[in-house]
Each structure stands twice: as structure tokens, then as C-alpha cells.
Amino acid sequence: MTTATQTQTINLTLSQRLVAGGLALILGFVLLGGIGFASDMRVHNGAHDTRHALGFPCH
Amino acid sequence: MNLFRRIFFAAVLAGLAAGLAMSAVQQWRVAPLILEAETYEGQEAPAVHDHADATAATPAAAHEHEHDEDAWAPQDGAERILYTVLADVLAAIGFALVLAAVSVLVGLPVTAANGIVWGLGGFIVFQLAPAFGLPPELPGMPAADLGARQLWWWGTVIATGAALLGIAKFRNWQAIAAGAVLILLPHVIGAPQPPHEPSAVPAHLATAFAASALSAGAVFWFIVGPLLGYLNTRFAKAEASQTRMVHA
């Protein structure tokens, strides 16, 4: 099992990692930007308590 | 299951579970402080000793909440809690995706064993370092310009994150030295400071809030790191055994 996992990890090419990592990074930042930083007042009001609790600058 | 699908599902599941745990702690210890602070919002700040010029002491909160009154907002109670939990979980999934993405990009796998270190790193990068300059604040507290604070927040997160990843990746004194500079830089530059106005929110609420908010954040990060590592390893193993079966 361990050998199989290692083989699998080695098989990953750099471009595979860049595409998957880049995509996940963009998706993550879009979520954080929307919840924590979007200026639309409806989004702000809905996520208001989350912004304060997570220490995002709010108001 | 390709790499993106694997880290996506691991991050969504880990973020969901850890986000719900964080939400529970928030509703227990953090949200009540926000609601209590809002009762002071828009009120006159407690008068200063000499009762100088009443007009000079601008109520801190009055211009703090320049909300568009017509904009939709959830009703207090169940609806507000529901939206907060939803926003918590989405932000949690966002954090988990960033953690998983960075791990793949830098080439440092998250595992169940080292997940707690990733969690600690995430907590330092996204909560502790920004809070060192901009402590989690309650509604109604005087604060500097929003755009400037958001810029400082992102700058601090990126600098601290780059520093920790560099140290973890290279493990040499050059990386530690560069990391120390990157970690200190945002704090030497300094976060945008609030105007010198009396706060309408009592001090005990503000200190309790800062400590509770950071604690709820720590709960999230210490769950999401190990859980993401566990799921990531498990999905990779499942994938490996599937591949073997196909090739057999």
C-alpha cells in the first residue's frame, strides 16, 4: 500500500500539480474574498458575524 | 480520481466538518458578544472625565455603520444564525482549499501526522498575525479606513504565509532569516490605526471578543489540518489501489 502511494505521488507531474493546486487556490481565494471582503451590502449583511468572528476587517 | 478532484473533496469535507465545529463555538461564545455590542452601536460613547465639548466627542459608532438601510439583512434569530453558519462553512472550505492548494503547489504533502502543523501554520497566517495588528473587532468600535485595513490584512497574510512555507520547504538559515524579515515587516510598517475616539463598546466586551474569536479560530485550524491530511492520504491510497486493479 505504501509503495503504491509513493508510486502515485512520483507519477504526478509538475504541470498536474500546478493545474490542480492553482485551481484549488483560486477557488479558495474566491470563497474567502466573497465571504470576507465582498462590498455588496447583502453579502456583507449575511456574512457580517462571520467577518467579525474571523477577524476580517469589517465596516 | 485525479489530483484536483482528490484535494477538492478532501478540502470540502475537512472544511465542512471543521467549519461546523468552529460555528458551534462561535454561536456559544462569540455571537452573543456581537449581539451585545450592537446594543451600544450608534450610542453616545461614555462621557470623558471633563465633559468637555459635547460635540467634540463624536460618537464612535455613529459613522461606523454607514450601512445602506435598504439592503437586505437576515432577521435576528434563526435566520441570522443560519446565514452566519453558512458563511462560516464557506469560509472554512475556502481556508481548507487554500491549505490543500499550497501543499500541492509547494510539494509538501499534508498528512494526518503533520496536519496539526499545517493547522498551526494556517492559524498563525490567517488569524494570529493579522490580529497582532488588527485585533478582531466588535461592531461599533472605532476603526481606521476599511480599504487600508483590508490591504494590510492581505499583505500580512501573504508575507507570513510565504515566510512559513519558505522555512518549511528549505529548512535552512537563509529561509529562516528571510522568513523572520517577512513576518516582522507588516508589523514594522504597522497596521492602520483607529482614530483616537472613545469607543461606545465597553472594554470587557472587546477583550472577551478578541480572545473568544481567536479561540474559535484555533478550534477550526486544529481540526481542519489533521482532518485534511487524513482524507488526503486516504483518497490517495484509494486511488492507488484502484490504479493497481486497473493495471492488473
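The following paragraphs describe the predicted model of a two-chain assembly, from the fold of each chain to the contacts between them.

Residues are numbered from 1 along each chain as its sequence is written, and chains are lettered from A and ligands numbered from 1 in the order in which they are written. As the model is a predicted one, local features need pLDDT of at least 70 and side-chain atom pairs count only at pLDDT 80 or more, whereas totals for chains, interfaces and linings use all residues.

Chain A contains 4 helices and 0 strands, where helices (H or I, at least four residues) and strands (E, at least two) are DSSP runs numbered from the N terminus. Of the 59 residues in chain A, 39% are buried, a residue being buried if 20 or more other C-beta atoms lie within 10 Å of its own, exposed if 12 or fewer, and partly exposed in between, with C-beta atoms placed from the backbone. UniProt lists residues 18-38 of chain A under "transmembrane region" in an unreviewed entry; positions from UniProt are given in the numbering used here, with feature names shortened, and the annotations may be inferred rather than shown by experiment. In the model, residues 18-38 of chain A are 95% helix and 0% strand, and the end C-alpha atoms of this span lie 27 Å apart.

Chain B has 6 helices and 0 strands, and buried residues make up 40% of its 248 residues. Among contacts in chain B with a separation of 6 or more, 83% join residues 24 or more positions apart, two residues being in contact if their C-beta atoms, placed from the backbone, lie within 7 Å. For chain B, the unreviewed UniProt entry lists residues 81-108, 115-132, 152-168, 175-193 and 205-231 under "transmembrane region". Of these spans, residues 152-168 of chain B are 100% helix and 0% strand, with end C-alpha atoms 24 Å apart, while residues 175-193 of chain B are 79% helix and 0% strand, with end C-alpha atoms 31 Å apart.

The domain assignment of chain B, whose bounds come from an automatic or database source, gives domain 1 (1-43 + 77-143 + 202-248) and domain 2 (144-193). The centres of domain 1 and domain 2 of chain B, taken over C-alpha atoms, are separated by 20 Å, and 13 residues of domain 1 are in contact with 16 residues of domain 2. On the side of domain 1 of chain B that touches domain 2, two or more residues come from each of helix 2 and helix 3 of chain B, and helix 3 of chain B gives the largest share, 8 residues. By class, this side of domain 1 has 11 nonpolar, 2 polar and no charged residues; Ala, Val, Leu, Ile, Met, Phe, Trp, Tyr, Cys and Pro count as nonpolar, Asp, Glu, Lys and Arg as charged, and the others, Gly among them, as polar.

Helix 4 of chain B has 25 residues and reaches 36 Å from its first C-alpha to its last, close to the 36 Å expected at 1.5 Å a residue, the expected span being 1.5 Å times one less than the number of residues. The buried residues of helix 4 of chain B, including B:Trp152, B:Trp153 and B:Gly161, pack against helix 3 and helix 5 (173-189) of chain B. Helix 4 of chain B is followed by B:Arg171, the phi of which is positive, near 50 degrees. In the loop between helix 5 and helix 6 of chain B is B:Pro198, which counts as partly exposed because it has 15 C-beta neighbours inside 10 Å. The C-alpha atoms of B:Pro198 and B:Pro142 are separated by 7.6 Å, although these residues are 56 residues apart along the chain.

Between the chains, 55 residues of chain B are in contact with 36 residues of chain A. Helix 2 of chain B supplies the largest share of the side of chain B that touches chain A, 15 residues, and by class this side has 37 nonpolar, 10 polar and 8 charged residues.

The largest nonpolar core has 71 residues, of which B:Ala11, B:Ala96, B:Ala100, B:Val224 and B:Leu228 touch the most other members; such a core is a set of buried Ala, Val, Leu, Ile, Met, Phe, Trp, Tyr and Cys residues joined through C-beta atoms within 7 Å. At least two residues of this core come from each of helix 2 (14-37) of chain A and helix 1 (3-38), helix 2 (78-106), helix 3 (115-133), helix 4 (146-170) and helix 6 (203-247) of chain B. Leaving aside neighbours within four places in sequence, B:Ala11 is in contact with A:Ala24, B:Ile93, B:Ala96, B:Leu97, B:Ala100 and B:Leu228.
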